[in-house]
Structure formats: C-alpha cells, structure tokens
Amino acid sequence: MRTGIFVLVAVAAIGVVVASSIPAGELFHDPLEHDSLHDKHFEGGEHNAKYDHEAFLGADEAKKFDELTPEESKRRLGMIVDRIDEDKNGFITLAELKNWIKYTQRRYIDEDVGRVWRQHNPDGNATIGWEVYRNTVYGFMDALDKEELEQEEHGVSYKSMLKRDRRRWAVADLDLDDQLTREEFTAFLHPEEHPTMRDVVLQETTEDLDKDKDGKISVDEYIGDMYRPSTEGEEEPEWVLSEREAFTKHRDLDGDGFLTETEIRQWIVPNDFDHAESEAKHLIFEADVDHDEQLTKHEVLDKYDVFVGSQATDFGEALARHDEF
C-alpha cells in the first residue's frame with residue numbers, strides 16, 4: 001500500500017516536464033523523464049513512446065489507445081491532418097505543424113491543471129493555500145516515523161519530495177501570500193512552461209544528478225542517470241561511449257571535467273530551445289519522403305505509427321477522443 005502512495009506522491013511532487021522527440025543532434029534531455037516502468041524517455045538515442053503515452057494520456061488512456069486498429073488510427077489521424085493544414089492547400093508546413101503542437105501543449109496543460117485544481121479546490125475558491133495542498137498530498141506523512149520519512153526509493157524520499165514541493169510552491173507564489181491562484185498553480189505544476197520557474201527546474205535537475213552534492217555534475221553522474229551496468233566490469237554499449245563524447249565535446253564547455261551551473265543551465269533550460277519547433281522538425285524529418293520540407297496527408301498516414309506517439313496528436317490522445325470524430 002505504501003509503495004502505491006509513494007508513486008502517487010512522486011508524480012505530484014516532481015510534475016510533468018513537456019518533452020519532444022527530436023532528431024539526433026538536437027536531443028533535449030530531461031533527467032526526470034521516466035515512464036511507469038522507470039524506463040527513460042530517451043535511451044541511447046532510442047525514443048520510448050511509452051513515456052509519451054503515459055505522461056500525456058495517463059496509463060488508462062494509453063491502454064485505450066492501444067486498442068485502436070491501425071486502420072482506425074489512420075482514419076482519425078487523417079482528420080487531424082485536415083485540421084493542421086490551415087490554408088487547405090494540401091501541404092503541412094513547419095509553421096502549421098508547430099502551431100498545432102503548441103495547441104496540443106496548451107490543451108494538455110489546461111486540462112491537467114483543471115483536473116488537479118478541482119481535486120484540491122472542490123469549493124471553487126479563487127486560491128489554494130499551501131496547508132490545504134500539503135495536507136491533501138502529504139498528510140499521511142504525519143503518521144510516519146523519521147526512518148520512514150527519510151527512506152529513499154530511486155534516490156527520492158518523502159521528506160525530500162515535500163521539501164521540493166514547498167520550494168517550488170514558494171517560487172510560483174508571486175504575491176507571497178502562500179496561496180496560489182489558478183495561474184500560479186499552473187506554474188507550480190508545469191514549471192517548464194514558465195520563465196520565472198527556470199531556476200527551480202535547474203535546481204531540481206541538478207539535485208537529482210549531483211549524487212555527491214558538490215554542486216556540479218561529473219561525467220560519471222551524467223552517464224549514471226542514463227546507464228547502469230548489470231554486472232561489474234560490463235563493457236559499455238556504443239551509445240554510452242557516444243554520450244561520454246557528447247559530454248566532453250558539447251556539454252563541458254570549459255573542459256574541466258564537470259558541468260557547472262552555467263553549463264547545466266545551457267543543457268537543461270537553454271534560452272533558445274523551442275519544444276514545439278523541435279518536435280515539428282522531428283516529424284517532418286521522419287515523414288518527408290520527397291524532402292521538400294513539408295508534408296502531404298499521404299506522407300503523414302504512411303508514418304502514422306510515428307505521429308500517434310507524438311505531440312502532434314497530443315501523444316495519441318486526439319486519436320482516442322471520440323467526440324472529435
């Protein structure tokens with residue numbers, strides 16, 4: 001029973017980081033991304049669609065989508081293609097695909113925040129107080145002893161999750177009244193979408209990777225988040241060697257063997273990174289057979305398995321919504 005509670009609280013505490021599948025060389029890495037089986041969103045350059053389905057559908061909705069036949073998936077995807085093609089010229093441009101992905105991002109966040117907001121605010125008040133949220137999510141901790149509070153699972157304890165949420169709440173609370181409005185609560189649940197929350201995202205990520213707590217990330221800590229050998233002395237796979245090279249050539253800008261705060265920031269929350277554009281570029285890269293940098297309906301449907309696991313269809317959710325078809 002306690003394990004189930006742990007998983008539930010971990011999801012609430014960590015939140016969901018919007019991510020996108022993008023071409024090799026543009027990989028945006030978020031070390032917090034794992035699916036329910038603790039498999040990473042990206043592993044050695046391989047894309048784990050299960051993470052996308054669960055993170056943006058929930059496990060139950062993902063299962064419903066899995067029941068659709070390829071024929072039905074293609075039929076529904078074709079209707080979405082018609083909606084993406086804003087000027088109705090038969091081609092989907094990068095701009096049109098980017099606009100659609102941004103729409104699905106906003107829809108997901110609005111619906112997710114609305115659901116959680118109602119859970120914590122059944123009376124429909126203008127704000128939610130910290131104590132109300134804390135009692136709902138972490139109230140069970142009052143009955144735990146010190147050892148239970150500090151026991152770690154996957155490097156996370158109840159105590160550390162409460163501390164992390166409290167800090168994130170304080171950053172989202174712009175008017176410092178310890179109450180969050182709907183907009184502030186959105187920043188709390190989805191800090192990746194708010195520029196004012198960039199520092200807390202950076203801090204949380206650094207804490208997760210910095211195992212020796214020296215304020216910087218070594219190459220072994222960097223690799224350890226992605227790969228752990230199953231046996232002592234196991235030879236590292238080729239993709240791990242490539243990641244080590246990427247650390248040296250592209251992450252560790254000053255060549256001192258560590259990622260400092262500035263280097264971690266450039267890696268995790270780069271100012272010029274656009275999730276929607278990267279996802280749109282990836283989809284065009286995958287499906288653009290004639291390399292004209294735009295997509296026809298035929299090209300999209302021919303790669304339907306790529307699209308139904310992508311943010312263009314809200315990671316499959318749009319295909320499972322009966323009211324849209």
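Trainee: Does Trp169 count as buried or exposed, and what is its relative accessibility?

Mentor: A residue counts as buried when its relative accessible area is under 20%. In this predicted model, Trp169 has a relative accessibility of 0%, so it counts as buried. Tyr133 also counts as buried, because its relative accessibility is 1%.

Trainee: What percentage of the residues in the protein is buried?

Mentor: Of the 325 residues in the protein, 46% are buried. The accessible surface comes to about 17,100 Å², and carbon and sulfur atoms hold 51% of that surface.

Trainee: How should I read the ring pair of Tyr133 and Trp169, and where in the chain do its two members lie?

Mentor: For aromatic rings one looks at the angle between the planes, where under 30 degrees counts as stacked, over 60 as edge-to-face and the rest as tilted. The rings of Trp130 and Tyr133 have centres 5.9 Å apart and planes at 35 degrees, so this pair is tilted. Both residues belong to helix H6, which covers residues 130-138, and they sit three residues apart, about one turn of the helix. The rings of Tyr133 and Trp169 have their centres 5.3 Å apart and their planes at 35 degrees, so that pair is tilted as well. Here the pair links distant parts of the chain, since Tyr133 is in helix H6 while Trp169 is in helix H8 (residues 158-172), 36 residues apart.

Trainee: Which residues form one aromatic cluster with Tyr133 and Trp169?

Mentor: The cluster is formed by Trp117, Trp130, Tyr133, Trp169, Phe185 and Phe188. A search of the whole structure finds 14 aromatic pairs.

Trainee: How many helices and strands does the protein have, and at what angle do helices H4 and H5 pack?

Mentor: The protein has 17 helices and eight strands. Helix H4 (residues 70-84) packs against helix H5 (residues 94-120) at an angle of about 110 degrees, with the axes 9 Å apart, which makes H4 roughly perpendicular to H5.

Trainee: Which residues meet where H4 packs against H5?

Mentor: From H4 come Ile80, Arg83 and Ile84, and they meet Glu96, Leu97, Trp100 and Tyr103 of H5. The residues of this contact divide into five nonpolar, two charged and no polar.

Trainee: What share of the contacts in the protein with a separation of 6 or more joins residues 24 or more positions apart?

Mentor: Residues 24 or more positions apart account for 62% of those contacts with a separation of 6 or more.

Notes:
Residues are numbered from 1 along each chain as its sequence is written. This is a predicted model: local features need pLDDT of at least 70, side-chain atom pairs count only at pLDDT 80 or more; totals for chains, interfaces and linings use all residues. Side-chain values use heavy atoms; hydrogens and water are left out. Axes are lines fitted to C-alpha atoms, for helices over the stretch in contact, and angles run from 0 to 180 degrees between N-to-C directions. Helices (H or I, at least four residues) and strands (E, at least two) are DSSP runs, numbered from the N terminus. Angles under 35 degrees count as roughly parallel, over 145 as roughly antiparallel, 65 to 115 as roughly perpendicular and the rest as oblique. Contact means heavy atoms within 4.5 Å. Ala, Val, Leu, Ile, Met, Phe, Trp, Tyr, Cys and Pro count as nonpolar, Asp, Glu, Lys and Arg as charged, and the others, Gly among them, as polar. Buried means under 20% relative accessible area, exposed over 50%, partly exposed in between (1.4 Å probe, protein chains only). Accessible areas come from the Shrake-Rupley method with a 1.4 Å probe; for residues, only the protein chains shown count as cover. Rings of Phe, Tyr and Trp (its six-membered ring) pair if their centres lie within 6.5 Å; planes under 30 degrees apart count as stacked, over 60 as edge-to-face and the rest as tilted.
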